[in-house]
Amino acid sequence: MQIIMAFRYAIAGIIYCVRSQRHMKVHLLAALGSLGLAWRFELSGIELGVLFLTIAGVITAEVFNTALEALVDKVSPEFHPLAKIAKDAAAGAVLIQAVAALGVGYVLFWDKMLK
Ligand SMILES: Nc1ncnc2c1ncn2[C@@H]1O[C@H](COP(=O)(O)OP(=O)(O)OP(=O)(O)O)[C@@H](O)[C@H]1O
């Protein structure tokens, strides 16, 4: 029962992120597009594994970013240099994942799309 409740809270957290975060919607659209390309080009098992992990990495970073933003807004609604560092660093983590995902997309799909 406790496990089911924990699962429900986790899903509620993810749903909040999808509903409230513009960037999360962009990440999900990109994930859907890349999964469509994966199906179209019949990626190998390893390639699919890399793609799943990449998608999970970007989405996880965005979920953590949302959690941290909520916490900072609660603890420091007024401007504070440390609050800025926390938010900027969390946003930086999402950016790193997104750029890496572009690299993975390039490696997995670029040659196949040119053929
Ligand atoms: N309390 C604060 N103290 C200092 N700087 C802040 C504070 N809140 C926000 N900032 C600065 O403003 C930027 C934007 O913050 P905001 O809370 O609007 O997040 P965001 O990047 O717009 O996120 P999202 O669009 O995903 O909601 C932060 O990256 C940070 O530099």
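Visitor: At which residues does UniProt place the feature "transmembrane region"?

Guide: The unreviewed UniProt entry places that feature at residues 48-68 and 89-109. UniProt annotations may be inferred rather than shown by experiment. What you see here is a predicted model, where local features need pLDDT of at least 70 and side-chain atom pairs count only at 80 or more, while totals for chains, interfaces and linings use all residues. Residues are numbered from 1 along each chain as its sequence is written.

Visitor: How do you know what pLDDT the protein chain averages?

Guide: pLDDT is the predictor's confidence in each residue, from 0 to 100. The protein chain averages 97, and 100% of the residues score at least 70.

Visitor: What makes up the span of residues 48-68, helix or strand?

Guide: That span is 100% helix and 0% strand, with its end C-alpha atoms 30 Å apart. Helices here are DSSP runs (H or I, at least four residues), and strands are E runs of at least two, numbered from the N terminus. Residues 89-109 are 100% helix and 0% strand too, with end C-alpha atoms 30 Å apart.

Visitor: Why are α3 and α4 called roughly antiparallel?

Guide: Their axes, lines fitted to C-alpha atoms over the stretch in contact, with angles from 0 to 180 degrees between N-to-C directions, cross at roughly 165° and come within 9 Å. Angles over 145 count as roughly antiparallel, so α3 and α4 get that name.

Visitor: Which element gives the most to the shell around the ligand?

Guide: α4 does, with 5 residues. The shell divides into 4 nonpolar, 4 polar and 4 charged residues. Ala, Val, Leu, Ile, Met, Phe, Trp, Tyr, Cys and Pro count as nonpolar, Asp, Glu, Lys and Arg as charged, and the others, Gly among them, as polar.

Conventions:
Angles under 35 degrees count as roughly parallel, over 145 as roughly antiparallel, 65 to 115 as roughly perpendicular and the rest as oblique.
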